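The points are grouped by topic.

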Amino acid sequence: MRLPTSRSYRRLMRIRADGDPPAGASLPTGRAVAGSNPFSRRVIRTVRNDVWPLAALAGVVLGVLLAFSGRYGFHRDEFYIRESGRHLAWGFPDHPPLSPLLARIADELAPGSLLALRVPAALGAAVTVVLVGLIAREFGGDRRAQFLASAIAASSILVLASGHILATASLDVAFATTLVFLVARLLRTGDQRLWVVAGIALGVGLLNRVFLALYAIIVLAALASVGPRELLRGKWLPIGVLVALVIAAPTVLWQARNGWPQWEMATAISADNSRWELVAYQFVIIGPLLLPVWIAGLWWLLKRPDLRCFGVAYLALLGLLMVTSGQQHYLFAAYPPLLAAGGIAAAQWCTTGAQRIRATVSAMVVATSAAIAAVFALPVLPVSVLADTPLVDLNGEIGEQIGWPEMGRTVAEVLDRLPAEMRAETVVMADNYGQAGAVAEFGPDFIASGTAFPPVHSGHQAYAWWGPPPQKYRTVVVLGTDAPSQAPSWAVRACGRLTEVATVGNDDDIENQENGTRIFLCRDLTTSWHDLWPQIRRIGPANP
C-alpha cells in the first residue's frame, strides 16, 4: 500500500480528530500528528459523543449478568478457581494466578457469594461490549456502526456466556478485546508507543491465561505477512514484547520449574477434541442469527489492506486449531475484530436500499439474538423445567451448575453412617476438582451436628500439587469417575475392601456430568499415601 505524504497525512489526521471517521475508509499508517483541538477537549467530546452510548449498553449487560448470577449454583470450574485462590501461587498446572486471585478477593469480601465471585466476569463482559464499539470506531465506523457493533457483542452468546462464570476463558475475552483495540488504534494513528501499552495488556492477560500469547503471535505474523509492515519497525515493538515478558515471567518460571504441566494439559485435552465439532461450534458461539453478521465482518476485514491482518489472524488460528484439535473456546480471542467489522458492515447495509426496513430488520435480529443468547447462556429458565428441554444437551455448562449440594449431602450421609472411631480416620478422595470443590463446600452443611467433616483431597490438576492426605487416614470415601461412573483404578488396586455405598443424583433429574456418580467406601488401605499418590495424580479433563 502506498503511504501518503506527511503533509496529506497531517491533513487527514486533523480531519479525523475533528469529526467522525468515514465508514469503510482505508486508513494510512505512519506517525500521527495531533489535531488542532487541545487533548482534553477531544477526550471530553469523545466520551460525550461516542463512549457514553456504548457504556450505557454495557451497563445493561452488566445489570442482566448480575441479576442472574445467583441462580442455579457454582460451576465446577468456579469451585476449582476458588480453591486455587486459597493456595495462591505464581502458577498452577492449567492456569495462571490472576483468576484465582480475583476469586480469593471475592471470597474474603463475601464468603460463599456467587454474586461477588462473578462480578469480575460480568465486568469483563461489560468492558468487552464497550471496546468492540471502540474498535469499530478505530476501523472507521461512524457512531451508528459503533453502537451496532457493541449491540452485536452484547447480544452474542460469546459475551453473555463468558460474563456469567468466573473462569480463565471468561476474562480472556476481555483481555483479547483490549489487545485488539490497542492494535487497531495503532493502525489508525501510527503511534508506535502503543506497542508498550499493548505489551502491558498482554502481560497482565498472560497472568490470566497463557493462550493469549498464541493469538498475539498470530496477529504479529499476520501484520508481517499482509501488512502494514511499517508498524513492526522501530524500537517500540521490542520494548512492548519485553514488557509483556517481564510481567508474565513469574508464571512462566513456575511452569518451567514444574515441568510445563500446562503443555501436558493441552496435549491431554486435544486428544479428546473433535475437529468437526470445532467447526460446528463457530456457527453458534456468537449466535445463529448473527452468523451472517460476523461472516460479513470477516469479509469486510479481508477486503481492506490496512485491516486485513485481523481477518487473516482469525483464519490462521482456526486452521491451527483444526490441525492440533484445539478446544472450541480457544478461538474466542479472534472474534472481537470480526464483531466490530460486522457492526460497520451492518450499518452500511442499513444505509442502502429500503433504509427503514433494513434498520428495523437489524434491530429485530439483534433483539431476538439477545433473547436466544440469554436463554442459552444464562440461568433464565427455572431448574424445574430444564429436564424437559434440550438446553442442557445444547449447552452442557448450564448443567454443570446444578446438583452440587446433593453431592455434598450424599457424601455427608455416607459419613454419618460410619462408626465414630472409623470416621476419625476417614478422608474423602474426589476423582476430579469439581467433586472436590462441591463436597468441601456443601458437605459440612449436611453432616450431623457436632461432627467434624473430614478433609477432601483429589489427584486432579492442581489438587495433586497440594499433596496427599496424612498417613493416619486409612479409610476413604471414594467418589467414582463419571460418564459412566466406576471405581478409580487406584482404589481397585489399593483397597483391601472396596464397597459401593451410594449414588449421587440431583433433585431435578438433570443429566449432567456428575448425575449417577457412584460412591465407594475403601477400607484396609494396603499402600501408603506417599507411594499411592503418583498413581492418583493426573492432568487432563474431568472425565478421563
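Two strands count as paired if DSSP finds at least two bridges between them. In this predicted model, strand S1 (residues 426-430) and strand S3 (residues 475-479) meet that condition with four bridges, in the parallel sense. Within this pairing, Val428 has Val477 of S3 as its bridge partner.

**Helices on the sheet**

- Helix H21 (residues 404-416) packs on the sheet and touches S1, S3, S4 and strand S5 (518-525). The direction of H21 makes about 155 degrees with that of S3.
- Helix H23 (residues 433-446) also packs on the sheet, with contacts to S1, S2 and S3. Its direction makes about 175 degrees with that of S2.

**Sheet layout**

- The open sheet has five strands in the order S2-S1-S3-S5-S4, and its pairing is mixed.
- Strand S2 (456-458) and strand S4 (495-503) are the edge strands; each has a single partner strand, so one side of each lacks a neighbour in the sheet.
- On average, neighbouring strands are turned by 30 degrees against each other, direction ignored.

**Helix H23**

- H23 has 14 residues and reaches 20 Å from its first C-alpha to its last, close to the 20 Å expected at 1.5 Å a residue.
- At Ala440, H23 bends by about 35 degrees, and a proline, Pro444, follows within four residues.
- The buried residues of H23 include Tyr433, Gln435, Val439 and Phe442.
- These buried residues of H23 pack against H3, H21, S1, S2, helix H24 (462-465) and S3.

**Nonpolar cores**

- The largest nonpolar core has 132 residues. Those with the most contacts inside this core are Phe139, Tyr215, Phe310, Tyr314, Tyr335 and Val411.
- Beyond its neighbours within four places in sequence, Tyr215 is in contact with Val180, Phe310, Ala313, Leu317, Ala333, Ala334 and Pro337.
- A second, separate core has 18 residues, among them Val427, Met429, Val476 and Val478.

**Gly91**

- Gly91 lies in the loop between helix H3 (76-85) and helix H4 (98-109).
- The relative accessible area of Gly91 is 2%, so this residue is buried, the cut-off being under 20%.
- Not counting residues up to four places away in sequence, Gly91 touches Thr251 and Trp254.
- Gly91 and Asn208 are 117 residues apart in sequence, and their C-alpha atoms are 9.8 Å apart in space.

How values were computed:
Residues are numbered from 1 along each chain as its sequence is written. This is a predicted model: local features need pLDDT of at least 70, side-chain atom pairs count only at pLDDT 80 or more; totals for chains, interfaces and linings use all residues. Side-chain values use heavy atoms; hydrogens and water are left out. Helices (H or I, at least four residues) and strands (E, at least two) are DSSP runs, numbered from the N terminus. Axes are lines fitted to C-alpha atoms, for helices over the stretch in contact, and angles run from 0 to 180 degrees between N-to-C directions. Contact means heavy atoms within 4.5 Å. A nonpolar core is a set of buried Ala, Val, Leu, Ile, Met, Phe, Trp, Tyr and Cys residues joined through side-chain atoms within 4.5 Å. Buried means under 20% relative accessible area, exposed over 50%, partly exposed in between (1.4 Å probe, protein chains only). The expected span of a helix is 1.5 Å times one less than its number of residues. The bend at a residue is the angle between axes fitted to the seven residues ending there and the seven starting there.
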